[in-house]
Amino acid sequence: MKTSNAFLTVFFALWSLSNIASAQTDSCSSNLNLSGLPFDQSSLHCISVWSSEDYILRYSQASSDTWNFVLSAPDSNSYVAMGFSVTGSMVGSSAVVGWVSPTDGTGVIKQYYLGGQTPSQVVPDQGKLNINSSMILSQSSRLYLAFQLNTAQPSSRQIFSVGPTGFSPSAPSYSLREHREKVQVGLNYVTGQSSVKSSYTSLRRGHGVLNMVGWGILMLIGAMVASFMREWDPLWFYAHMCIQSIGFVLGVVGVICGLVLQNRISAHVPTHKAIGIFILVLGCLQVMAILARPNVSSKVRRYWNWYHHSGGRVLIIFAVANVFYGIHLGGEGRSWNVGYAVVLALLFVVSVVLGVRMWKRK
């Protein structure tokens, strides 16, 4: 009897979870049933425009100069946005942005004009869209942003974005924080086919991995070799030079990738960029210092040693900090932070062991 009761308990639990999961999803095969929609919802075409974020767009042409849109997205307690761009770039586009207030559950829809890359240039209640009517509601853990445009032909180049989790714009400024993620889509309204433009994921991750390995790991290993391996002279010197050179080359390539990425996605990351350039300058100065290294017997050698060691330590400190900051900006999540932290912890343990060994030997 106990086994039977346990089986029934598990069965009903799984059944409840399946119902909850189905209630939180939407697809083009499911019927749209929204109350208060300001236009006919039976004739809407449906397409999945952003599969990774589960964004579904429904649209129809109501008349020669009127188009209906319904954007469906998971309710992550943030804003959802759909922009229309002439050039395909986010800058210069106009966007319909909607959210539901977490305090009173009130739905808010505003048009924003994206005049530049800084938050101050994203202006509310401005834009080139002629919105006739609009509404937003939360239903079954999803947001439904519906609006009607007065236009003969809406732009086929669209930009979809999702805001930071837990953030909603508030009065009186209604300023937007930078989106958590975005995607550019080309939509053919006649055929219903869409093409997602690359979000440069490979370039972003390449930029991150190159800088992490070059500046944030190899530079540390090279410094450890110089600090704890001097008993194997001159092997330690050549190993130190080789490791630091590889790290420098990888770091330079990573910085170049970052600059290319910023230009292509119009990213506004001034602090991350400034720290990266500072690290690059320190790296170049270290290379120049090696070329101007005085002889061991020279009187200025100890000042050179102080400069070289201090510059290296500052470079490593800023590199580690900027790697973590870059992971945060890229929204790569906890796994990248944990992975890099584990590598740093292992290097720290190795440094402690080598330091104790060197102290005992002395």
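Why is the disulfide of Cys28 and Cys46 left-handed? The torsion about its S-S bond is about -80°, so the handedness is left. The model is predicted: local features need pLDDT of at least 70, side-chain atom pairs count only at pLDDT 80 or more, and totals for chains, interfaces and linings use all residues. Residues are numbered from 1 along each chain as its sequence is written, and side-chain values use heavy atoms, with hydrogens and water left out.

The structure holds 1 disulfide (a pair of cysteine sulfur atoms within 2.5 Å). Cys28 and Cys46 form this bond, with an S to S distance of 2.1 Å. The pair links distant parts of the chain, 18 residues apart. Cys28 sits in the loop between helix H1 (2-23) and strand S1 (45-50), and Cys46 in strand S1. Helices (H or I, at least four residues) and strands (E, at least two) are DSSP runs, numbered from the N terminus. Cys28 is partly exposed at 40% relative accessible area. Cys46 is also partly exposed, at 28%. Here buried means under 20% relative accessible area, exposed over 50%, and partly exposed in between (1.4 Å probe, protein chains only).

Cys257 is buried, at 17% relative accessibility. Its sulfur is 16 Å from the closest cysteine sulfur, in Cys284, which is too far for a bond.

Over residues 53-166 the chain is 0% helix and 58% strand. The end C-alpha atoms of that span are 16 Å apart.

The largest nonpolar core has 27 residues. Such a core is a set of buried Ala, Val, Leu, Ile, Met, Phe, Trp, Tyr and Cys residues joined through side-chain atoms within 4.5 Å. Tyr55, Leu57, Phe69, Met82, Phe84, Phe147 and Phe160 have the most contacts inside it. Strands that each supply at least two residues of this core include S1, S2 (55-63), S3 (66-74) and S11 (181-187). A second, separate core has 22 residues, among them Phe248, Leu282, Val320 and Ile327.

A search of the whole structure finds 7 salt bridges. A salt bridge is a side-chain nitrogen of Lys or Arg within 4 Å of a carboxyl oxygen of Asp or Glu. Glu53 pairs with Arg180, the closest N and O atoms being 3.6 Å apart. This pair links distant parts of the chain, 127 residues apart. Glu53 is buried at 19% relative accessibility, whereas Arg180 is partly exposed at 37%.

Asp125 and Lys110 meet in a salt bridge at 3.1 Å, N to O. Asp125 lies in the loop between strand S7 (122-124) and strand S8 (131-139) and Lys110 in strand S6 (residues 107-114), so the pair ties together parts 15 residues apart in sequence. Asp125 is exposed, at 51%; Lys110 is buried, at 14%.

Glu231 and Arg357 form a salt bridge, with the closest N and O atoms 2.7 Å apart. Glu231 is in the loop between helix H2 (201-228) and helix H3 (235-265), and Arg357 in helix H6 (residues 334-361). Glu231, Arg357 and Arg361 are linked in a network of salt bridges.
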